[in-house]
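Below is a short briefing on strand pairing, a chain interface and a helix packing. Please view the sequence and structure first.

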Amino acid sequence: MLNCGVVKGCKKSFEILFVNSFNVLTFAPNFKGGIFNRIGMKFISFRFLLLVLLFSCFNMAALAQHHESEVAENFEEKEAEFNPQDMITHHVLDAHEFHIVDWNNHPITLPLPVILWTNDGLVTFMSSEFHHDDFGSVVVEKDGKKFVKLHEKIYQLDEGATSVSFDAEHHPVNASKPYDISITRNVFMMWISVLVLILLFTAAARRYKKSSDNVPTGIAGFIEPLVVFVRDEIGIPMIGEHKYKKYMPYLLTIFFFIWINNIFGLIPILNGANLSGNIAFTFTLAMFTFLITTFSGNKNYWKHIFWMPGVPVPMKIFLMPIEIIGMFVKPISLMIRLFANITAGHIIVLALMSLIFIFKSVFIAPVSVGFSLFIGVIEIIVTAIQAYIFTVLSALYFGMATEEEHH
Amino acid sequence: MDSSQFVTPGFGLVFWTAITFIFLLLILKKFAWKPILGAVSEREESIKSALAQAEEAKKEMQNLQADNERILKEARVERDGMLKEAREIKDSIITEAKEQAKVEADKMVKAAQATIESEKKAAVADIKNQVANLSVEIAEKVIKEQLSDKSKQLKLVDDLLGDIKLN
């Protein structure tokens, strides 16, 4: 009752949701006053948070710095020619180390553990052992096996080989790919986002436990409208009054998980840890939706796929393959939609920034920055829209799978 | 660098995403969604039941009011009935009293008439006695007069007779 206004505001307009997303990042401990009249203050603390993050990253990265001298010259030659495609690819794809900034032509990075599953078992070492090499020239020897990193993929050299050799199409010929389950920068950011989510929502849940009358106070006053939004605008209308409860934990988790990772992808200092723009991430989530849909499908659902009721028999036979394909197309569309939307946004922003370096002129900067800002604002909106769409469609598929016959 | 790596899911990230997501789902389900959704729905229930109670109370009050109205009406009808009955009783008492009074009065009139009759008879009898006495006295005087003067005796008789007024 207390938060009626906030609930309605959030339902009415996505933009308000986005403004709130900044609040998520600031961990403001006290939301007792109206959320909206404090936005100004929140932006200040948002900047402050960024600053803190920046400095903490430098500190962590200092550890990695002393390895760099050997490969520095090598690096300088290769970085001389600016290639926007390489730069964008590097930013959008996953990486084994957390690259923060270049300082005097030395990349400053946060090393992350490399975990490989080879034929003889698990091999682990820090990504800093490659000394920022991404062209297969640094060979890391571990447990009697040799590894090189080539375009952010780790190859194991065949027995007896000392360096990687390539064929005409620049594919390595004397190396094989072990299963790579390294903690890459995307995995690292995913864990940070999980930490943030758990802290945020358990803090909100504790608020209810403390209060005797279930009135949301503090952080719960901010979290509750969002949770109620997912329940009232996604869960109940898509799945139905009687069955939505079972799916609520999944819908809520997926909504906030995608949203926060979309937001994290937009924070520049995190250097495009582009988790929700990575097809592996969207593939996994879409797979979960597909599995839940398939396993909760009732008789009516399967009947509509294999023997469509209410149409003549030839039509039933004609529709069957279409419906079977549709079963798989639905999660595939989920996967591609989220991946493409987020990746496209990143590529556009990076491409606009690349213009400065392509034209080698500082005068193009205002144009680049202006357009990036414009795209950035749209991207902020997209973060929540895409999380919303993924959740709504997942809920819709669950609703279709559990719908009862009513002809 | 071929662009197919954009759309090729990396095994490692799929692996970690799956594990992380399941972990996140379980943790949040137990420690966040259940308490939050529970509190929200509990509050909604309490609001609903409070509203229902208010509605119930309103209805009860309406019932009470209707009851009051009915009782009032009944009381009014009863009062009217009682008044009417009282009036009838009063009327009947009055008529009865009147009749009784009439009967009594008749009786008294009759008694009075009888008394008058008997009084009259007594009076007549008394008169007769007196007349007889007078007659005797007259006769005595006449006889005394006659003894002295015959004409005088006759005149006396005439005078006496003239004085006597029979009623």
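Helices (H or I, at least four residues) and strands (E, at least two) are DSSP runs, numbered from the N terminus. Two strands pair if DSSP finds at least two bridges between them. This is a predicted model, in which local features need pLDDT of at least 70 and side-chain atom pairs count only at pLDDT 80 or more, while totals for chains, interfaces and linings use all residues. Residues are numbered from 1 along each chain as its sequence is written, and chains are lettered from A and ligands numbered from 1 in the order in which they are written.

**Hairpins of chain A**

- Strands E5 (residues 140-142) and E6 (residues 145-150) of chain A run antiparallel and are joined by 3 bridges.
- Within this pair, Glu141(A) lies opposite Lys146(A) of E6(A).
- The hairpin of E5(A) and E6(A) has 2 residues between the strands, and Asp143(A) in the turn has a positive phi of about 50°.
- E6(A) is also joined by 4 bridges to strand E7 (residues 153-157) of chain A, again antiparallel.
- Here Val148(A) stands opposite Tyr155(A) in E7(A).
- Between E6(A) and E7(A) the hairpin has 2 residues, and His151(A) takes a positive phi near 50°.

**Open sheet of chain A**

- An open sheet of 3 strands has the order E4-E3-E9 (chain A), with antiparallel pairing.
- Its edge strands, each pairing on one side only, are E4 (121-126) and E9 (179-180) of chain A.
- E3 (residues 113-118) of chain A pairs with E4(A) over 6 bridges in the antiparallel sense.
- Ile115(A) has Thr124(A) in E4(A) as its bridge partner.

**Interface of chains A and B**

- Contact (C-beta atoms, placed from the backbone, within 7 Å) links 45 residues of chain A with 32 residues of chain B.
- Elements of chain A that each supply at least two residues to the side touching chain B include helix H5 (84-92), E9 and helix H7 (219-239).
- H6(A) gives the most to that side, with 13 residues.
- The side of chain A that touches chain B has 28 nonpolar, 11 polar and 6 charged residues.
- Ala, Val, Leu, Ile, Met, Phe, Trp, Tyr, Cys and Pro count as nonpolar, Asp, Glu, Lys and Arg as charged, and the others, Gly among them, as polar.

**Packing of H9 and H11 in chain A**

- H9(A) packs against helix H11 (residues 313-358) of chain A at an angle of about 150°, with axes 8 Å apart.
- Axes are lines fitted to C-alpha atoms, for helices over the stretch in contact, and angles run from 0 to 180 degrees between N-to-C directions.
- H9(A) is therefore roughly antiparallel (over 145 degrees) to H11(A).
- Residues of H9(A) including Phe283(A) and Phe290(A) meet residues of H11(A) including Leu334(A) and Phe339(A).
- The residues of this contact of H9(A) with H11(A) are 11 nonpolar, 2 polar and no charged.

Definitions and conventions: Two residues are in contact if their C-beta atoms, placed from the backbone, lie within 7 Å. Angles under 35 degrees count as roughly parallel, over 145 as roughly antiparallel, 65 to 115 as roughly perpendicular and the rest as oblique.
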